[in-house]
Amino acid sequence: MTDGAADPAAGRGATTAAPLLALEGVSKTYGTTRAASDVSLTIRAGEIIGLVGANGAGKSTLMRILAGVTRPDTGQMLIDGRPVDWDAFGPRAANAAGTRIAWQELSLCPNLSIAENFYIERPNAGRFRPGWTRPYRELAAEALGAIFPGTEIVPDTRAGALPISGRQMVEIARVLSDPGLRLAILDEPTSSLGAERSAQLRAHIRAIAGRGVAVVFISHKLAEVIDVADRVLVMRNGRITEDRPNRGLTVGHLVEMMGGLSAEAAAEAAEARPAAGAPVLTLDRATIAPGSNVDPELRRGEIVGFAGLEGSGQKAALRRLFTAPRGGPRLRFVSGDRPVEGNFPLWTVLENITVGRTARRPGWAATRPGPDRRAATEAARGLALDPARLDHGILDLSGGNQQKALMARAIVDDFDALLLDDPTRGVDIAAKREFYRLARELAGRGKLILWHSTEDGEFAECDRVLVFSHGRAVRQLERGAITDEALIAASFSGTAGTEILAPRGSGAGMRRLLTALPFLCLALIVAAMTWRNPMVASALGAQLLLGPAVPLVLVALGQMFAVGGSEIDLGIGPAAGLVNVVSATLLVATPWLGVGALLGILALYALMGLLIRARAIPSIVVTLGASFIWLGMGQTLQPRPGGSAPDWLAPVLLPSAFGIPAPVIVILLAGIAAAMINASPAGTVLRGFGASPLALERAGWSTIRYTVLRYLLVGGFASLAGLMLTAMSGASDINAGRALTLLSIAAVVIGGCRLLGGVIAPWGVVAGAVTLSLIGAFLATLGVSTDYNAAVQGALLIAILALQSLSFGGGRHA
Amino acid sequence: MRDFTAHNRWIWPALGILLLWLALALLTERLSLASLSGVAATAGFLALPALGQMLVITSGGGNIDLSIPGVIALSAYLSVLVLQSGAGSGAALLAILAAGAVVGAVNAVLVLSLRIPAMIATLASGYILATGALLLNGRITAMRTGGLFQMLATARVFGVPSSFLIAAIAAAILGLVLARLAWGRKLLATGQSEGAARLAGVPVGATIALAFVLCSMLSAFAGGLIAGYAGGAFLEMGTPYLLQSVGAVVLGGTLIAGGSASAAGTLLGALLLIMIVTTMQIAGLPKGVQDILQGVIIILILSLAGSRARA
């Protein structure tokens, strides 16, 4: 392993053939930020390139361009010496050319199994036949075993059940196991891996480079870059500022090339400050690892860093501190995740700052525009943010200035402690300096500053740094001892190279209960009804009781496919009602016109899906509007209930010759169809879109095509339900389907589907739907008025949703 | 100019009302304010729950209140029942406002504490309320309305129906609340970004909860007025207000994604929507076609507004 690193280029050699890939003069601008500026780069087969640079230096943009996810404004790319046509170059084309990326923000679908995640990334072997996932299960197991020997990841595990290190290994294995791989781009591949796994990965990278695969290794762990790379690229402010062979380079060199900020900042930070004062906050016991040297008291005048590998608990600890009780210290929080938890995008800079004052007033208090503006202006001045920009929209500002506005919001009135969560993410160097200066000034005025950062260099600003590992603070480094090496060593100190790869245990029992719940409910209600009246269990009883359940089962399965996309169809009941009307009128009188009308309804469904996707409008309002359209159409076709079933449709639900009640057969067939669709390759992709549309798009799947497919499925099942309404009643009524909407949602929820996140269960939905349709009959046997039907169904829905949210924890806005 | 329309989105429904009114006047050759006044009475009933719906939608996170029809029907029955018992109008008003507050609080608990998506929680609570109305229906011996509700619902001040005046006053108050009261600013902040609002120190839960409570109270009040106007309560009386309350909010220029609201726009949106419905009735369109057109209009407006959602 070490002989390769000693003179890596010699073994594989830089060949003289056309480079695998070349970029020439590529630029990309987002708003006012130049993410890539005149970038030129050649990558040869078998090369290992280390790419380093501060956050926001443009590494991610460069990688997205290579992967066909982002189209540059100017410049060209050559693959094997042939120029690429940007119009035709998307994620699929990049994959076909052999380029693959392991994304830092992991692109696995948490609701799919590991084998299914391998399929999403590489669909070429996917044929719809029973057992189609087997090759992917084998592939996943082989790939993981080859790169990370000794892992025990089961390919049937849901990706979301793995800890972050496991997900990272799957993500990497998925990319590196591709037989067509020519260029692998690994974005922070070891951010969550222990030392042993990281070494295994680097060994594997050297092995595949020996077979001619080029690898781009992006990492903040500079020692690893120096260990593995043949050549090192340094990016700063969207440019490649250094491109040199990895000979005699040290971590110090790299730090210097990346900006040399830490040394300079440390010198400035060394200015004398008064000693720390009284405690403001105290870390609780659970946050500190037993036996560590961490001082739990956080005092006035201190700048305390929260460090560790990503996801080691430092962020969570910071957030726990922010939920202090009322009347405690006055806390202010600034996050660097501006789009998600910083900006109010519709407001001006001024409004974004003054909300910091308004938020702390009681609700009935009036705003005070004059004093608020004066305070905001003063806060902006203190941050070197031009007060003339206060009346601009917040999004018109550069990232750095947006962040200054957020900082101004925090300090716009007096406070005790300022909590910073990676506040300099994607911020230019001048704004960073401003923050460091401000932090020192505030600490000098006796404020407590807590600073979580993903850039280790920033901890040079701190008086002490708490290093987190596995959810707890394991080490405290004092000023003078805060170095990159010490931070990394401390970050791994708690891990000892062992990962826990078993699915997370919390709530597993509750989850199993929820999966079994629909079947339990069904068994209970059938048992109770049979006990009251043994006829229920007979073929005739089943025939009579299950007939009304058929339309509901079908509508519920349709709703399930909508819910699988994290959407909802409020018009599904009326749509079934419309099909009921069409099939009992047009389809009888003029069959061709009837068939045309039914196809038209499906086409409208597809159109609705397109509209929802293309205009990014909530499905709930569109389908609510559509429900009126379905009702109106039905009413126009047939103002009063009536009509008759077509001859071929009428006998479908009548008692059959085989002694098995026809409704049972139809329900089972519907369940089998839905389960097969859901387990098919297309169904897998649909589920993937429900959880992580971005990941699917990056893998080259067409959002439009699958949205249309999803809505066709929803409309198709709704149509079948309408036909069954006709078969059951032998007539039609546009209002027959109305009640089905709520019931379908209730059945989907009882069936164990999640309303967000693409987790669906066809057989659970079937059981849930049958249970719900039996409730009326059940209440009747108990002597309860059917008036209570709706209330019981609504209450059941709420109870089960409450149970779900209690067992799964958060996720309303997941 | 663009800045002006961007900050005063009520301009669009106002323009729509003007055009439709002129078109109607030309068609029927009767240019009168009286025709507007009839529409305004009905629009007032719609505007009240629509203003509530606006607050809920503005709280963001896909929040919407689908229990409005249930609240309207239940409060209508409640008002009739209290009046039937011989208690005065004041008692009836208190009863329906209290019932509205309770329903809103329950909705808020379902959405915030149990984290059930608002559309499902309110859909389910709406069904339970409908059952409540059904049960009250059986206890009514004689449809008695009258008193305060009838007066409020049918009186006119200088030719303007009092229901519209009430809605206009409510819109003015809410407009002021959104612009100048801390709660209004907190609601707009929460609607734009719940995460950012929480970190900025906004008590997000309490802020959203009040939106649900106000929505149910406004709907309950509307239910009492409608019962006073119609001279009684009936089971399906709330049904039209489900789509129309959302429609008035969308037509009025409130963002469906939350975080930006126009109370004046919602009032005018309600007026425009009722004008459209009335026009269709005058034109003699069958009920079915009216439903289709309402659905199409709302989807159309939404898809036109969709791209303006986030600048």
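How far apart are the end C-alpha atoms of helix α21 of chain A, and what span should its 15 residues have? The legends below take up this question first and then turn to other parts of this predicted model.

**View 1. Helix α21 of chain A, residues 549-563, seen from end to end.** At 1.5 Å a residue, the 15 residues of this helix should span 21 Å, and the end C-alpha atoms of the helix are 20 Å apart, which agrees with that expectation.

**View 2. The contact between domain 1 and domain 2 of chain A.** The domain assignment divides chain A into domain 1 (2-98 + 180-258), domain 2 (111-178), domain 3 (263-491) and domain 4 (508-808). Where domains 1 and 2 of chain A touch, the contact takes 12 residues from domain 1 and 11 residues from domain 2. On the side that belongs to domain 1, the elements giving two or more residues are β7 (183-187) and α8 (195-210) of chain A, and the largest share, five residues, comes from α8 of chain A. By residue type, this side of domain 1 of chain A is made up of seven nonpolar residues, four polar ones and one charged one.

**View 3. The contact between chain A and chain B.** Here 62 residues of chain A meet 60 residues of chain B. On the side of chain A, two or more residues are given by each of the elements β14 (331-335), α13 (338-341), α14 (349-358), α25 (619-637), α30 (740-750) and α32 (789-808). The largest share of this side of chain A, 13 residues, comes from α25 of chain A. Sorted by type, the residues on the side of chain A that touches chain B comprise 37 nonpolar, 18 polar and seven charged.

**View 4. The fold of chain B, with its 14 helices and two strands.** The radius of gyration of chain B is 19 Å, close to the 19 Å that the globule rule gives for 311 residues, so chain B is as compact as a globular protein of that length. Along its principal axes, the C-alpha trace of chain B spans about 55 × 50 × 35 Å. Buried residues make up 61% of the 311 residues in chain B.

Notes: Residues are numbered from 1 along each chain as its sequence is written. Chains are lettered from A and ligands numbered from 1 in the order in which they are written. This is a predicted model: local features need pLDDT of at least 70, side-chain atom pairs count only at pLDDT 80 or more; totals for chains, interfaces and linings use all residues. Helices (H or I, at least four residues) and strands (E, at least two) are DSSP runs, numbered from the N terminus. The radius of gyration is taken over C-alpha atoms; the globule rule is 2.2 Å times the number of residues to the power 0.38. A residue is buried if 20 or more other C-beta atoms lie within 10 Å of its own, exposed if 12 or fewer, and partly exposed in between; C-beta atoms are placed from the backbone. Domain bounds come from an automatic or database domain assignment. Two residues are in contact if their C-beta atoms, placed from the backbone, lie within 7 Å. Ala, Val, Leu, Ile, Met, Phe, Trp, Tyr, Cys and Pro count as nonpolar, Asp, Glu, Lys and Arg as charged, and the others, Gly among them, as polar. The expected span of a helix is 1.5 Å times one less than its number of residues.
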